[in-house]
Amino acid sequence: MAKGDTNKKQSKGQRRDDLERKRDDRVRRNAFKKERKIKEYLEHDQDFTSFANQLEALGLKIKDIPGDGIACSGPWGSD
């Protein structure tokens, strides 16, 4: 083998460390995607502000239920 050969076989501990690092990176990326998705939810909807203001005038507010769409809640229901 030549000096500085990069094709050396990794030890069991090094492989485990690489797998843990990759798993941690994947978890971090997925968490970031989830946060970004939550933050950007309805951010680009032009009608959202107008609709929210109309509901507020009626004493209602938007209650977000992920995966179930948008629901209205009022003084008669629990928030």
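## Salt bridges in a predicted model

The structure holds three salt bridges, a salt bridge being a side-chain nitrogen of Lys or Arg within 4 Å of a carboxyl oxygen of Asp or Glu. This is a predicted model, in which local features need pLDDT of at least 70 and side-chain atom pairs count only at pLDDT 80 or more, while totals for chains, interfaces and linings use all residues. Residues are numbered from 1 along each chain as its sequence is written, and side-chain values use heavy atoms, with hydrogens and water left out.

Side chains of opposite charge can pair when their charged atoms come close. D18 pairs with R21, their closest N and O atoms lying 3.7 Å apart, and because these two residues are three apart in helix α1, about one helical turn separates them. R21 also meets D25 in a salt bridge at 3.8 Å, N to O; D25 and R21 are four residues apart in helix α1, again about one turn of the helix. D25 in turn forms a salt bridge with R28, where the closest N and O atoms are 2.8 Å apart, and these two residues, three apart in helix α1, are likewise separated by about one helical turn. Through shared partners, the salt bridges join D18, R21, D25 and R28 into one network.

## Exposure of the network residues

Residues are called buried under 20% relative accessible area, exposed over 50% and partly exposed in between (1.4 Å probe, protein chains only). D18 has 24% relative accessibility and so counts as partly exposed, as does D25 at 24%. R21 is partly exposed because its relative accessibility is 43%, whereas R28, at 53%, counts as exposed.

## A positive patch

R23, R26, R29, K33 and R36 form a positive surface patch; such patches are made of residues with over 30% relative accessible area and no salt bridge, with like charges joined within 9 Å.

## Overall fold and surface

The protein chain has two helices and two strands, which follow the order α-α-β-β from the N terminus on; helices (H or I, at least four residues) and strands (E, at least two) are DSSP runs. Of the 79 residues in the protein chain, 5% are buried. The chain exposes about 7500 Å², of which carbon and sulfur atoms supply 51%, with areas taken from the Shrake-Rupley method with a 1.4 Å probe.

## Confidence

The mean pLDDT of the protein chain is 77, and 70% of its residues reach 70 or more, pLDDT being the predictor's confidence in each residue, from 0 to 100. Among the elements of the chain, α1 has the highest mean pLDDT (91) and strand β2, residues 70–73, the lowest (54). Where pLDDT is low, the predicted coordinates should not be read in detail.

Methods:
Patch = residues over 30% accessible without salt bridge, like charges linked within 9 Å, V, L, I, M, F, W, Y side chains within 5 Å. Lys, Arg positive; Asp, Glu negative; His and termini not counted. Charge placed at Lys NZ, Arg CZ, Asp CG, Glu CD.
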